[in-house]
Amino acid sequence: MSDLLKSYRFREEREADWKKLDYILGRAQRYGIKSLSDDEMLNLPRLYRQAVSSLSVAKSISLDHSLISYLENLCTRSYFFVYGTRTTLGQRLAQFFRRDWPRAVSGAWRATLLSALCLFGGTLVAFILCMVDMEWFWSLQSGGLMGDRNPNASTDALRATLYSDVTDVDGMLSAFSAQLFSNNSGVALFAFALGFMFGIPTALLLIYNGVVLGTFYALFWSRGLGYEVTGWLFIHGVTELFGIVLAGAAGFMIGGAVAFPSDQSRLASARDKGQTAALIAAGVVVMMFIAALLEGFGRQLINSDSVRYIIAITTAILWASYFYLPRRKRKTHV
């Protein structure tokens, strides 16, 4: 009899708040969280904490099982509304592009500078070596990566490779674009994935790609085609090279966390940095897709040097603004 009386008094003192919480949750589940008033939104966390406290007390004094089951269900429902994710896929993607990705990139500026130094440092060294002695071209290029674009080709033949009258017959450019996306994203994600080995393989991969770029650029520059090849390359290269630099930066973030874990374990340090690095790497895939479209369609269909430069400069301004211009913080009402 005393247990029943104890349970009755316990319920009587707190049931009004439970019912209020149950009512708010019911409305939110039926009509969405936006249907709640400001007062209900403010009361929700408080009522949830009270329900959790009531559940803890009910278990400690062994009240009846039906009451404990009711409170457990109420607390579980409340938890997902107080702490759970309630955004749709579209909202989550919008948040990623509006806030999460640019914030992750702008916060990783040191790693980005290091990655750019590796890539473009390799480019500069290879360019200088080849301009001094074009025999370096054969030493720095391997596997015939550039095909007929080599010092044995005539200037006219090299110039001809920069312009095309190709039209999208039978989806040829679409297939070419898809292949480029696969190759570019593979290089970028490989640079990211290798970061866990203290960032050393990431640095080597970036330097290697820079060397390839430098020898290619030196070949055309030595034939007086520097202006033409710059437009041909950077119509897509601004996006592609920036994406590779960011992928390398993500790899360096993980490598730095593993090499210098501070007061954490290496695994915990890598996990913390890995969340931000993964955001950057996910966005890089989008950049590689855009670069593949610009390379597979824009570069093949646009033969005007001026238009190529306009597109290159525009994409550079857009990416720099997107990642590094300050954003106005959204006001939150408490």
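Residues are numbered from 1 along each chain as its sequence is written, and side-chain values use heavy atoms, with hydrogens and water left out. Because the model is predicted, local features need pLDDT of at least 70 and side-chain atom pairs count only at pLDDT 80 or more, whereas totals for chains, interfaces and linings use all residues.

**Helix packing**

Helices here are DSSP runs (H or I, at least four residues) numbered from the N terminus. The axes of helix H11 (residues 266–301) and helix H12 (residues 305–324) come within 13 Å and cross at roughly 170°, which makes H11 roughly antiparallel to H12 (angles over 145 degrees count as such). To this contact (heavy atoms within 4.5 Å), H11 contributes Met287, Ile290, Leu294 and Arg299, while H12 contributes Arg308, Ile311, Thr315, Trp319 and Phe323. By class, six of the residues are nonpolar, one is polar and two are charged.

Helix H10 (residues 226–259) packs against H11 at an angle of about 170°, with the axes 8 Å apart, so that H10 is roughly antiparallel to H11. The residues of the contact of H10 with H11 divide into 21 nonpolar, seven polar and five charged.

**Aromatic residues**

A search of the whole structure finds 19 aromatic pairs, where rings of Phe, Tyr and Trp (its six-membered ring) pair if their centres lie within 6.5 Å, and planes over 60 degrees apart count as edge-to-face. Two of the pairs share Trp101:

| Pair | Distance of centres | Angle of planes | Class |
|---|---|---|---|
| Phe97 and Trp101 | 6.1 Å | 75° | edge-to-face |
| Trp101 and Phe323 | 5.1 Å | 80° | edge-to-face |

Phe97 and Trp101 both lie in helix H4 (residues 89–107), four residues apart, about one turn of the helix. Trp101 lies in H4 and Phe323 in H12, so their pair ties together parts that are 222 residues apart in sequence. Trp101 is buried at 1% relative accessibility and Phe323 is buried at 2%, whereas Phe97 is partly exposed at 32%; buried means under 20% relative accessible area, exposed over 50%, and partly exposed in between (1.4 Å probe, protein chains only). Phe97, Trp101 and Phe323 belong to one aromatic cluster that also includes Phe96, Phe242, Trp319, Tyr322 and Tyr324.

**Two single residues**

Phe198, in the loop between helix H8 (172–193) and helix H9 (200–222), has a positive phi of about 60° although it is not a glycine. Most residues other than glycine have a negative phi. Phe198 is partly exposed, with a relative accessible area of 48%.

Asn43 lies in helix H2 (residues 38–60) and is partly exposed, with a relative accessible area of 24%. The C-alpha atoms of Asn43 and Ile24, 19 residues apart along the chain, are separated by 9.1 Å.

Methods
Axes fitted to C-alpha atoms, helices over the stretch in contact; angles between N-to-C directions. Helix = DSSP H or I, 4+ residues; strand = E, 2+ residues; numbered from the N terminus. Parallel < 35°, antiparallel > 145°, perpendicular 65-115°, else oblique. Nonpolar A, V, L, I, M, F, W, Y, C, P; charged D, E, K, R; others polar. Phe/Tyr/Trp six-rings, centres within 6.5 Å; stacked < 30°, edge-to-face > 60°.
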